[in-house]
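Hello,

Here is the structure I promised to pass on to you. Please have a look at it first, and then read my notes below.

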Amino acid sequence: ISLLILPFIARKLGPEELGLVAYSQLFSILQLLLMNFGLELTATRKIAMIKKEKKTLKKFINKIYSFKILLIPLIISMSSVLVFLPSPISSKPSYVLIVLVGVIFQGLTPSWFFQGIERIKLIAISKIFFRFVALVLIFFLVRFKNDGWIFLAINSFTNISIFIFLFLSMI
């Protein structure tokens with residue numbers, strides 16, 4: 001899907017706006033790495049080992065979410081620094097805020113849980129569906145050079161949607 005979007009976005013946004021969008025996305029990837037903190041692998045392994053022990057499983061899930069929620073202020077602080085320091089993105093603080101929301105929800109998405117209980121199909125279906133919806137929205141809503149924020153907002157909306165779907169499936 002990304003390969004379909006990139007040429008379209010590059011043509012619609014132009015080089016300067018595309019650069020700001022790419023810079024924002026790069027920063028969001030760094031934040032996501034911090035928020036996941038290696039938990040994607042270790043949590044998946046632990047879930048696979050304790051998936052039949054309901055009480056232990058609930059306690060472990062609570063620990064993971066507690067840790068991730070404790071990392072959110074650090075992620076917000078990083079975003080604040082990026083906005084106030086001289087950087088290419090400091091002229092568009094809304095871009096930082098938009099990707100921050102997406103990062104938080106993507107970081108809280110319980111993919112590790114579904115991998116651990118071996119329900120990977122649910123992850124795949126949700127990601128394909130919501131990213132396809134994003135593709136359609138991008139093709140219809142991104143029209144002008146200043147629409148980089150729309151592209152970022154659609155990506156964040158996708159992360160929020162995947163989080164909600166998987167979190168509700170987890171309950």
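Axes here are lines fitted to C-alpha atoms, for helices over the stretch in contact, with angles running from 0 to 180 degrees between N-to-C directions. The crossing of helix 2 and helix 3 is left-handed, meaning that the near helix is turned anticlockwise from the far one by less than a right angle, while clockwise would be right-handed. On the helix 2 side the contact (heavy atoms within 4.5 Å) is made by Leu 39, Glu 40, Ala 43, Lys 46, Ile 47 and Ile 50, and on the helix 3 side by Thr 56, Leu 57, Phe 60, Ile 61, Ile 64, Phe 67 and Lys 68.

A word on the basis: this is a predicted model, in which local features need pLDDT of at least 70 and side-chain atom pairs count only at pLDDT 80 or more, while totals for chains, interfaces and linings use all residues. Residues are numbered from 1 along each chain as its sequence is written, and side-chain values use heavy atoms, with hydrogens and water left out. Helices (H or I, at least four residues) and strands (E, at least two) are DSSP runs numbered from the N terminus.

The axes of helix 3 and helix 4 come within 10 Å and cross at roughly 165°. That makes helix 3 roughly antiparallel to helix 4, and their crossing is right-handed. Among the residues that meet there are Tyr 65, Ile 72 and Leu 82 in helix 3 and Pro 93, Leu 100 and Leu 108 in helix 4.

Helix 4 also packs against helix 7: their axes come within 8 Å and cross at roughly 20°. Helix 4 and helix 7 are therefore roughly parallel to each other, and helix 4 passes helix 7 in a left-handed crossing. The contact includes Tyr 95, Gly 102 and Phe 105 of helix 4, with Gly 148, Ala 153 and Phe 163 among those of helix 7.

The cores

The largest nonpolar core has 27 residues, and those with the most contacts inside it are Ile 47, Ile 61, Tyr 65, Leu 108, Trp 112, Phe 113 and Phe 114. By nonpolar core I mean a set of buried Ala, Val, Leu, Ile, Met, Phe, Trp, Tyr and Cys residues joined through side-chain atoms within 4.5 Å; buried is under 20% relative accessible area, exposed over 50% and partly exposed in between (1.4 Å probe, protein chains only). Helices 1 (2-36), 2 (39-50), 3 (54-84), 4 (93-108), 5 (111-116), 6 (120-141) and 7 (148-170) each supply at least two residues of this core, and helix 3 gives the most, with seven. Leaving aside its neighbours within four places in sequence, Phe 113 is in contact with Ile 47, Leu 57, Ile 61 and Met 170. A second, separate core of 22 residues includes Leu 13, Leu 82, Tyr 95 and Ile 150.

Aromatic pairs

The structure holds nine aromatic pairs. Rings of Phe, Tyr and Trp (its six-membered ring) pair if their centres lie within 6.5 Å; planes under 30 degrees apart count as stacked, over 60 as edge-to-face and the rest as tilted. The rings of Phe 8 and Phe 139 have their centres 4.6 Å apart and their planes at 80°, so the pair is edge-to-face. Phe 8 lies in helix 1 and Phe 139 in helix 6, so this pair ties together parts that are 131 residues apart in sequence. Phe 8 is buried at 11% relative accessible area, whereas Phe 139, at 35%, counts as partly exposed.

Phe 113 and Phe 114 form an edge-to-face pair too, with 5.2 Å centre to centre and 80° between the planes. Phe 113 is buried at 8% relative accessibility, and Phe 114 is buried at 0%. Tyr 65, Phe 105, Trp 112, Phe 163 and Phe 167 form one aromatic cluster.

Two loop residues

Phe 37, in the loop between helix 1 and helix 2, has a positive phi of about 45° although it is not a glycine. Glu 118 sits in the loop between helix 5 and helix 6; its phi is positive as well, near 65°, and at 59% relative accessibility Glu 118 counts as exposed.

Best wishes

Conventions:
Angles under 35 degrees count as roughly parallel, over 145 as roughly antiparallel, 65 to 115 as roughly perpendicular and the rest as oblique.
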